Amino acid sequence: METGMSTETLNRWRLLLGPSADEALSETESYAADSFAYQDLDELLGYLYDREYGEEQGYRRKQAGRGGSNLTVPGWLGKVRELFPKETVEILEKQALGRYGLNELLTDKAVLESLEPNMNLLKNILQFKGRMKGEVVASAKEIVRQVVEDLRRKLESDARASIVGKRNRYTSGRVRTLRNLNMKKTISRNLKNYDRENRRFVVDRLYFDGRVQPYNKWHVIIAVDESGSMLDSVIYSSVMASIFYRLNSLKTSLFVFDTQVVDLSGRLEDPVDVLMSVQLGGGTHIAKALRYGETLIENPGRTLFILVSDLVEGYPVSQMYHAGKDILDAGCRLLVLTALDFEGHAMYDEHAARTFADMGAEVAALTPDALAEWIGRIVN
């Protein structure tokens with residue numbers, strides 16, 4: 001076919017069109033100047049994207065198109081990592097799991113451990129963990145831990161500053177805790193005590209930073225809807241609850257719910273344990289969750305009740321509204337989060353949201369740091 005296009009351009013169009021193309025890849029130029037192996041790329045892309053086509057869609061494979069492949073999932077993944085940049089690999093992995101159901105990526109221990117730990121992989125593990133067995137579960141937990149710990153480190157510093165208050169390094173503090181220890185000042189003031197003979201550093205006094213925020217105990221109750229559409233919010237809620245749990249100025253309770261309620265407050269020291277306990281999907285009984293949360297309230301005037309839900313109630317909505325009103329009337333602050341993540345694309349029942357707002361609740365889709373700021377404004 002005379003087109004005036006270079007072989008490289010034709011091959012790139014051929015990769016884009018896939019098995020619908022009229023012609024095969026050029027046999028005279030398998031490798032372009034950019035070192036792309038077009039035959040290999042075609043095989044890798046076909047292994048994944050040919051799943052879009054079948055007899056039911058009226059598609060019949062052209063003999064000149066992609067031939068049969070002997071690739072396995074581990075082999076496909078290994079070659080993908082060789083030929084594509086990291087950003088593209090993550091896209092291909094995401095589509096392989098989410099769109100084409102290549103569950104072998106999660107059920108084969110060696111393959112799972114070769115995947116890049118990231119938020120997308122974390123979400124897929126939580127969705128498919130029920131199908132994992134034996135050593136695969138241990139590998140999955142380690143991946144979850146890596147992603148969660150990275151997320152916690154990114155969020156914790158700002159959360160502490162918003163809620164507890166920044167440390168004042170110019171005043172000596174009376175609260176003698178490791179968190180307030182001024183290591184630099186302690187070392188410099190005790191240098192005179194260095195024992196050269198025994199090569200020991202002797203500390204006869206510890207110096208602590210003062211606190212802007214005085215001790216003020218508040219109770220944060222977080223109720224999280226674990227329906228499938230709330231997955232991102234479940235992850236961020238669990239991580240934020242574990243951060244709040246570490247703060248002396250807060251008492252934190254966390255429970256998840258569908259048609260049943262599971263209290264996870266005793267597991268907050270380990271957010272991985274919390275997430276691996278979540279069972280996504282099922283119905284939704286928000287009224288039941290609110291009533292359970294009521295039983296946890298000890299001092300309404302110092303209680304922040306946070307409901308994380310899309311507000312799609314599976315039972316009579318009047319019960320949900322009555323429960324919410326009772327919490328507000330008791331003197332609690334009620335925050336309804338339609339989403340808790342960094343995307344802010346919330347799908348929720350707008351009528352229910354307006355009803356809660358009219359009752360006096362605060363309704364919003366927040367990022368985790370904005371949630372910490374909201375709590376900080378109240379407790380400070």
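1. In this predicted model, I306 has L335 in strand 9 as its bridge partner. Strand 8 and strand 9 pair in the parallel sense over five bridges; two strands count as paired if DSSP finds at least two bridges between them. Helices (H or I, at least four residues) and strands (E, at least two) are DSSP runs, numbered from the N terminus.

2. On the basis of the values: this is a predicted model in which local features need pLDDT of at least 70 and side-chain atom pairs count only at pLDDT 80 or more, while totals for chains, interfaces and linings use all residues. Residues are numbered from 1 along each chain as its sequence is written, and side-chain values use heavy atoms, with hydrogens and water left out.

3. The open sheet has six strands in the order 7-6-5-8-9-10, and its pairing is mixed. Strand 7 (261–263) and strand 10 (362–366) are the edge strands, each pairing on one side only. From one strand to the next the twist averages 25°. Strand 5 (residues 218–225) pairs with strand 8 (residues 303–308) in the parallel sense over six bridges, and V220 stands opposite L304 in strand 8.

4. Helix 12 (residues 286–296) packs on this sheet and touches strand 5, strand 6 (250–257), strand 7 and strand 8. Its direction makes about 155° with that of strand 6. Helix 15 (residues 368–379) lies across strand 5, strand 6, strand 8, strand 9 (333–340) and strand 10, and runs at about 160° to strand 8. Axes are lines fitted to C-alpha atoms, for helices over the stretch in contact, and angles run from 0 to 180 degrees between N-to-C directions. Contact means heavy atoms within 4.5 Å.

5. How much of strand 9 is buried? Seven of its eight residues are, so strand 9 is largely enclosed by the rest of the structure. Buried means under 20% relative accessible area (1.4 Å probe, protein chains only).

6. L340 lies in strand 9 and counts as buried, at 1% relative accessibility. Leaving out residues up to four places away in sequence, L340 touches D232, S233, Y236, S237, L366, T367, P368 and L371. L340 and L371 are 31 residues apart in sequence, and their C-alpha atoms are 8.2 Å apart in space.

7. The loop between strand 8 and helix 13 (317–329) contains L311. Phi of L311 is near 65°, a positive value in a residue other than glycine. L311 is buried, with a relative accessible area of 1%.

8. The second largest pocket has a volume of about 240 Å³. Its lining has 13 residues, of which S229, D232, D341, H345 and A346 lie nearest its centre. Helix 10 (231–245) and strand 9 each supply at least two lining residues; the largest share, three residues, comes from helix 10. On a 1 Å grid over the protein atoms alone, a pocket is an open set of points where a 1.4 Å probe fits, with protein on both sides within 12 Å along at least five of seven lines, and lining residues have an atom within 4 Å of a point. Grid points are joined across faces, edges and corners, and a volume is the space filled by probe spheres set on the points.

9. For the protein chain as a whole, there are 15 helices and ten strands. Buried residues make up 45% of its 380 residues. Among contacts with a separation of 6 or more, 74% join residues 24 or more positions apart.

Notes
Buried means under 20% relative accessible area, exposed over 50%, partly exposed in between (1.4 Å probe, protein chains only).
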